[in-house]
Amino acid sequence: MSNHDSDGALRKVKDVRTHVGEVLALFREHGELSRIDVIEISGLSRSTVNQRLNALFAAGLIREVGGGESTGGRPSSRFALNRTRAYLATVDVGATGFVAAICDLTGTPLRHRSVSVDVWEGPDRVLSEVDAAFDALLANGDEIWGIGIGVPGPVEFAAGRVVNPPIMTGWDGFDIAGWFSRYGVPVIVENDANSRAVAEARPNHHDNLISLKIGTGIGSGLVFNGQIIRGSEGAAGDIGHTRAAVASDGPGQPCRCGNVGCVEAYAGGWAIVRDLAAAGIEVDDVAGVVALVKQGNLEAVRLVRQAGRTLGDAVAALVSILNPETIVVSGQLADCDEVLLSGVRERVYQQSLPLATRNLRIRVSELRDLAGVTGLALITADQLFEAESIEGILESLGVDQGSRAVAIAARD
Ligand SMILES: [Zn+2]
């Protein structure tokens with residue numbers, strides 16, 4: 001017998017979410033589900049659903065949760081993703097330090113630690129520190145199934161490498177994924193602002209969102225229709241090195257990337273440190289700027305407010321073009337809260353189309369320091385639980401997945 005006799009039959013087969021990974025995806029998306037829920041949402045037959053649930057259960061990837069709605073006297077079983085079946089190790093590397101975390105399979109960080117190290121000291125130095133942090137965070141017997149690394153530069157996602165990063169001396173083309181090969185698990189490398197965008201978008205069901213990371217430098221990530229927009233080279237949406245509106249008045253401030261007049265050269269943390277020094281106020285770093293703003297230092301408040309306006313100018317065009325529902329600001333400078341945000345709001349509302357800003361929300365990240373590691377865990381889990389990879393996992397666990405071909409053909 002064959003499903004390929006007519007186009008109609010073939011199309012029907014393709015529409016069905018039939019792989020084990022796709023059934024698991026339902027639990028990642030919806031939380032708790034009964035057997036009947038899975039049958040209804042997936043459109044699969046009862047026997048196929050039973051087979052998929054048995055395989056996921058045998059692998060320990062789903063677990064039974066307390067009785068759900070009663071069907072004819074007997075409470076029906078409900079199932080959910082077994083979030084602590086295995087763990088994901090993630091690290092969000094910034095310009096002057098990183099946050100490393102052990103996350104569960106839903107992306108929630110369970111343990112984390114922050115370490116100060118400058119990214120321009122190079123990959124060997126930074127990644128050794130990351131390794132040590134993972135070792136310290138891992139408990140005996142924790143099974144790590146995936147590693148996610150976020151870096152403050154443009155990333156060629158498929159290759160797991162950074163490409164021409166303006167501030168990451170020594171990292172260009174470095175095989176970051178290869179460095180972690182001793183773990184023997186998938187390693188994903190992602191831009192820091194992209195991972196933050198996913199962390200803010202997914203759990204809140206915001207399908208269209210811009211994430212701005214304002215720390216020493218400026219990063220931005222775009223999630224539209226629920227997907228990261230990378231562009232053809234991974235450079236999409238990088239507003240930090242577009243020309244600042246304020247730069248049109250003169251020759252433009254020199255930027256770390258070698259260009260002049262970039263948004264970052266006016267609104268990045270390092271630029272504010274520079275401007276404070278010019279005003280006779282010495283601070284070491286962005287944390288020092290935030291401390292001054294919190295103390296109410298007039299010059300620091302003025303400079304951060306101005307940085308917000310410069311950012312707002314830069315992001316206003318994106319808002320008109322892409323019409324996001326939310327802009328989320330994270331990174332160290334986001335700790336200045338309204339002092340920074342008021343300038344962003346002022347310029348975005350002034351310059352974007354009214355229809356594009358009617359329901360737009362501009363807010364500070366609630367995940368704060370943990371936004372990066374959370375998003376990295378979600379992206380790593382996405383890769384891990386793709387239909388083909390999950391079948392590899394089940395195979396390595398010796399779980400019988402049943403015959404897929406027969407299951408599809410036998411669909412009622
Ligand atoms: Zn630049």
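**Pockets and zinc site**

The lining of the largest pocket consists of 17 nonpolar, 12 polar and 11 charged residues (Ala, Val, Leu, Ile, Met, Phe, Trp, Tyr, Cys and Pro count as nonpolar, Asp, Glu, Lys and Arg as charged, and the others, Gly among them, as polar). The model is predicted: local features need pLDDT of at least 70 and side-chain atom pairs count only at pLDDT 80 or more, whereas totals for chains, interfaces and linings use all residues. Residues are numbered from 1 along each chain as its sequence is written, and side-chain values use heavy atoms, with hydrogens and water left out.

The space in the largest pocket amounts to about 1,300 Å³. Of its 40 lining residues, Arg28, Glu29, Arg202, Leu378 and Asp382 are the closest to the centre. On a 1 Å grid over the protein atoms alone, a pocket is an open set of points where a 1.4 Å probe fits, with protein on both sides within 12 Å along at least five of seven lines; lining residues have an atom within 4 Å of a point. Grid points are joined across faces, edges and corners, and a volume is the space filled by probe spheres set on the points. Two or more lining residues come from each of helix 2 (20-30), strand 5 (78-81), helix 7 (192-201), strand 15 (227-228) and helix 14 (371-384). Helix 2 gives the largest share, seven residues. Helices (H or I, at least four residues) and strands (E, at least two) are DSSP runs, numbered from the N terminus.

The second largest pocket has a volume of about 900 Å³ and is lined by 50 residues, with Gly94, Ala95, Asp192, Arg196 and Lys213 nearest its centre. Its lining comprises 18 nonpolar, 20 polar and 12 charged residues. Helix 7 provides the largest share of this lining, four residues. At least three residues are drawn from each of domain 2 (87-185) and domain 3 (198-366), the bounds coming from an automatic or database domain assignment.

The zinc ion is coordinated by His241 (ND1), Cys255 (SG), Cys257 (SG) and Cys262 (SG) at 2.1 to 2.3 Å. Donors are N, O and S atoms within 2.8 Å of the metal (3.2 Å for Na, K and Ca); water is not among the atoms, so sites may look incomplete. The arrangement is tetrahedral because the four donor atoms subtend angles of 107 to 119° (four donors count as tetrahedral if all angles lie between 85 and 135 degrees). Cys255 is buried, with a relative accessible area of 9%, whereas Cys257 is partly exposed at 31% (buried means under 20%, exposed over 50%, partly exposed in between; 1.4 Å probe, protein chains only).

Definitions and conventions: Tetrahedral: all angles 85-135°; square planar, octahedral: opposite > 155°, others 65-115°.
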